[in-house]
Amino acid sequence: MALPDSLSIAQARRVTLAAQGFADPKPGGVTDLRHLRRVLRRVHLIQMDSVNVLQRAHFMPLYSRLGPYPAELLERAAYRKPRDLFEFWGHEASLITTDLQPLFRWRMARAAEMAWGNMRRVAEEQPELVERVLGVVRDRGPITAAEIEHDEPRRKDHWGWNWSAVKQALEWLFYSGQITAAERTSSFARRYDLPERVLPQAVLNAPTPAPADAFRSLVELSARALGVAAEPELRDYFRLPVDGFKQAVAELVDDQVLRPVSVPGWKQPTYLHRDARLPRWVRAATLVSPFDPLIWERGRTERLFGMNYRIEIYVPAAQRLYGYYVLPFLLGEQLTARVDLKADRKTGRLLIPAAWLEPGADPEETAAALAAELHRLAGWLGLAEVTLPERGDLADPLTTALRAVSLSG
């Protein structure tokens, strides 16, 4: 049945959750890559981040949609042949399905204008260093920056990521597509190698589309992954340039792949993908990572769920409203709570510095579902205990619910 040209907020929310895979039933047990591929076909890429206070960011979107799964399956998909994923700048630093690699070659080709200042600077000012580093990767890869730096001059006078010139050269080569990530070390450092030794041959042999064709494909994939989207989040999904994005949207509308629709309170032009579906209900009960594509675009998160969400990792402790690493809790089709979490791996405990209820959510229902989810998460992380929350307006109901789960267990 065709969806209407005007969607309510509730309808837009269900369309989004279905597109993102939250309306799919969770499998009883994930034992192979088939389930991961089902999610990856929906979201197309997973954002990476070095913060490891709970679990590294790229593992969480699969957990949110599948429930507990063997983390080594994602490692296998990303870093073992035949690879389902490769690392590149998709949204931010991302794991992207390998079949999309040709669609990002325009970004690699534009490294001189799009890469960060330090990368461009080392390419412009020290081309001989870049060539020497590329030669080391060719001869010794896969290899980390630290392993090369033993033989190269070190310069760490930039306040940002404090990269050495060697690291800057490697990242330039990575951004421009001359090298790629073969794997990650236990400390999350990239091991770099040549693409021809990492990527599947079929991907390497695939023709390079014209930028306009790549933009069109990426906008279509963004729209498919979001279901219904206003222009800012549609462009943000793959961080596309404005001009190419506008043309791609116009062509996709002409071809009826995208259909303009209206949603109350959405001021920007909004589009529905032709394959979007509207489920009657969504019965999710899961925590959502700060880096999950469901909530990447914070304005969209507020319009869809009424949650003004900001990650406060970089906010001074005294100024944080909710906590250091706060995850929204999706119950049904609403974000009903947010909870600050930390995995204390030395003691085997899941710590809850704070738990907060969203306006209008039922505290007992939310606490009961969240308590069950926290125990499920702890088990997946290999933690033996879930501690009681320390503060927040949901702390008391959640304490009661956690104690009830412990007694029933």
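Tutor: Let us begin with arginine 37, which has its place in helix α2, a helix formed by residues 33–43. Please keep in mind throughout that this is a predicted model. The mean pLDDT of the protein is 94, and 96% of its residues reach 70 or more.

The side chain of arginine 37 makes a polar contact with the side chain of aspartate 84, at 2.8 Å. As for position within the whole chain, the C-alpha atom of arginine 37 is separated by 37 Å from that of leucine 321, a residue 284 places away along the chain.

We may now turn to the strands. Three strands form an open sheet in the order β1-β3-β2, and their pairing is antiparallel. The edge strands are β1, residues 45–47, and β2, residues 85–89, each of which pairs on one side only. On average, neighbouring strands of this sheet are turned by 30 degrees against each other, with direction ignored. In general, strands of a sheet pair through backbone hydrogen bonds, in either a parallel or an antiparallel manner.

Between β2 and β3, the latter spanning residues 93–97, the antiparallel pairing runs over five bridges. Within this pairing, glutamate 87 has leucine 95 in β3 as its bridge partner. Helix α4, residues 71–79, lies across β2 and β3 and runs at about 75 degrees to β2.

Glutamate 87 also takes part in a network of salt bridges, in which Glu87, Lys167, Glu171, Arg184 and Arg190 are linked. How many salt bridges does a search of the whole structure find? The search finds 29.

Another of these interactions involves glutamate 333, whose side chain meets that of arginine 13 in a salt bridge, with an N to O distance of 3.1 Å. Why can this pair be said to tie together separate parts of the sequence? Glutamate 333 lies in the loop between β10 (326–332) and β11 (334–344), while arginine 13 lies in helix α1 (residues 9–19), so the pair ties together parts that are 320 residues apart in sequence.

Glutamate 333 also meets arginine 14 in a salt bridge between their side chains, at 3.6 Å from N to O. This pair likewise links distant parts of the chain, since arginine 14 is in helix α1 and the two residues are 319 residues apart.

One stretch calls for caution. Over residues 155–161, pLDDT stays under 50, and the model has nine contacts beyond four places in sequence for this stretch.

Conventions: Residues are numbered from 1 along each chain as its sequence is written. This is a predicted model: local features need pLDDT of at least 70, side-chain atom pairs count only at pLDDT 80 or more; totals for chains, interfaces and linings use all residues. Side-chain values use heavy atoms; hydrogens and water are left out. Helices (H or I, at least four residues) and strands (E, at least two) are DSSP runs, numbered from the N terminus. A polar contact is a pair of N or O atoms within 3.5 Å; within protein, one must be able to donate a hydrogen and the other to accept it, and residues adjacent in sequence count only if both atoms are side-chain atoms. A salt bridge is a side-chain nitrogen of Lys or Arg within 4 Å of a carboxyl oxygen of Asp or Glu. Two strands pair if DSSP finds at least two bridges between them. Axes are lines fitted to C-alpha atoms, for helices over the stretch in contact, and angles run from 0 to 180 degrees between N-to-C directions. Contact means heavy atoms within 4.5 Å. pLDDT is the predictor's confidence in each residue, from 0 to 100.
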